[in-house]
Amino acid sequence: MHLEVNQVSKEFVTSRGPLLALQDISLHVETGEFVCVVGSSGSGKSTLLRLVAGLDLPTMGEIVVDGAQVIGPGRDRGMVFQKYTLYPWMSVADNVGFGLKLQGVPAAERRKQVQYFLNVVGLTRFAKAYPRELSGGMQQRVAIARALANQPKILLMDEPFGALDVQTKENMQTFLLKLWEETQTTILMITHDVEEAIFLAQRIYVLSAHPGTIVEEIEISLPAGVAEDLHAVKHDPQFLQYRQKITQDLRQ
């Protein structure tokens, strides 16, 4: 899998005139990578993810997945939003299998895949439950399972833990890191949380604001033994250096 964003700009028409949200954005994501884009409010990071998802089109530049230009949504890109976007009238299992049903996957195969991905996210015993019966973190796990069930080439995540309380958010960060390590799913995630990005990503793109531009690309390499322990890693000197560097970039 190769995702490439080539010199992408996005301009919106407003009542006050043109608004340039993104300017000359170039980045790439390779097979099995976990890449984060970090930016403050107004940096256009959600706009960037919508462009990659095909939910909107760039004003200039192009976005390519495995040689094919992105001109709309596609099965090769799974999307997980900040809000859980689950269907409240459907059970957990039906939510996970919804995309498979739309694709015409036979019922027996659909049940098999749903069971597999519920097991992946640790929610097998909640298959018959409804979203209202689950916590926020569990609902987001269902959303992740639903996206993975469609077997996308890349999983796009739009601040997926932004609506969660601190403790649940930390648990979900640890869960997502382990999930990525086990499945080797390619992930592109946007966040405003610098510590979250350092903990999860292999590479980070820092996005400035007004308009959004790439300030820096940073490769993350944390010492073995602390890289998977959220509380230990936050006190590691290398982690603190990354945090200071990215925070300075965002302020500039």
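Biologist: Let's start with the sheets; what is the strand order in the open sheet of four strands?

Modeller: In this predicted model, the open sheet of four strands runs in the order β2-β1-β4-β5, and the pairing is antiparallel. The strands at its edges are β2 (17-30) and β5 (68-69), each of which pairs on one side only.

Biologist: And how many bridges join β1 to β2?

Modeller: Strand β1, which covers residues 2-14, is joined to β2 by ten bridges, and the two run antiparallel. As one example of who faces whom, glutamate 4 stands opposite histidine 28 in β2.

Biologist: Which helix lies across β1, β2 and β4?

Modeller: That is helix α1, residues 45-53, which lies across β1, β2 and β4 (60-65) and runs at about 120° to β1.

Biologist: Now to β3: is that strand buried or exposed?

Modeller: Strand β3, residues 34-39, has six of its six residues buried, so the strand is largely enclosed by the rest of the structure.

Biologist: Which way do its residues point?

Modeller: Phe34, Cys36 and Val38 point one way from β3, while Val35, Val37 and Gly39 point the other way, and all of them are buried.

Biologist: Which strands does β3 pair with?

Modeller: On the one hand, β3 runs parallel to strand β8 (residues 187-191) and is joined to β8 by five bridges, with valine 38 having threonine 191 as its bridge partner there. On the other hand, β3 also pairs with strand β9 (residues 203-207), again in the parallel sense and over five bridges, and here cysteine 36 stands opposite isoleucine 204.

Biologist: Switching to the core, which residues touch the most other members of the largest one?

Modeller: The largest nonpolar core has 55 residues, and those touching the most other members are Phe34, Leu176, Ile198 and Ile204. Helix α5, residues 136-149, gives the most to this core, with eight residues. Apart from this core lies another one of 25 residues, and Val37, Ile154, Ile190 and Leu207 are among its members.

Biologist: What is isoleucine 198 in contact with?

Modeller: If we leave aside its neighbours within four places in sequence, isoleucine 198 is in contact with Ile204, Ile220, Leu222, Phe239, Tyr242, Arg243 and Ile246.

Biologist: What about glutamine 113, buried or exposed?

Modeller: Glutamine 113 has a relative accessible area of 13%, so this residue counts as buried, and its place is in helix α4, residues 107-120. Beyond its neighbours within four places in sequence, glutamine 113 is in contact with Leu100, Val105, Ala149 and Gln151.

Biologist: How many aromatic pairs are there?

Modeller: The structure holds four aromatic pairs. In the pair of tyrosine 87 and tryptophan 89, the ring centres are 5.3 Å apart and the planes are at 40°, so the pair is tilted. Ring pairs also link Tyr87 and Trp89 with Phe98 into a cluster.

Biologist: How accessible are tyrosine 87 and tryptophan 89?

Modeller: Tyrosine 87 counts as partly exposed because its relative accessibility is 26%, whereas tryptophan 89 is exposed, with a relative accessible area of 60%.

Biologist: Last one: where does the charged end of arginine 141 sit?

Modeller: The charged end of arginine 141 sits over the ring of phenylalanine 175, at 4.3 Å from the ring's centre. Elsewhere, lysine 10 lies over the face of phenylalanine 12, and there the distance from the ring centre is 5.2 Å.

Notes: Residues are numbered from 1 along each chain as its sequence is written. This is a predicted model: local features need pLDDT of at least 70, side-chain atom pairs count only at pLDDT 80 or more; totals for chains, interfaces and linings use all residues. Side-chain values use heavy atoms; hydrogens and water are left out. Rings of Phe, Tyr and Trp (its six-membered ring) pair if their centres lie within 6.5 Å; planes under 30 degrees apart count as stacked, over 60 as edge-to-face and the rest as tilted. Buried means under 20% relative accessible area, exposed over 50%, partly exposed in between (1.4 Å probe, protein chains only). A charge sits over a ring if NZ of Lys or CZ of Arg is within 6 Å of the ring centre and within 35 degrees of the ring normal. Contact means heavy atoms within 4.5 Å. A nonpolar core is a set of buried Ala, Val, Leu, Ile, Met, Phe, Trp, Tyr and Cys residues joined through side-chain atoms within 4.5 Å. Two strands pair if DSSP finds at least two bridges between them. Axes are lines fitted to C-alpha atoms, for helices over the stretch in contact, and angles run from 0 to 180 degrees between N-to-C directions.
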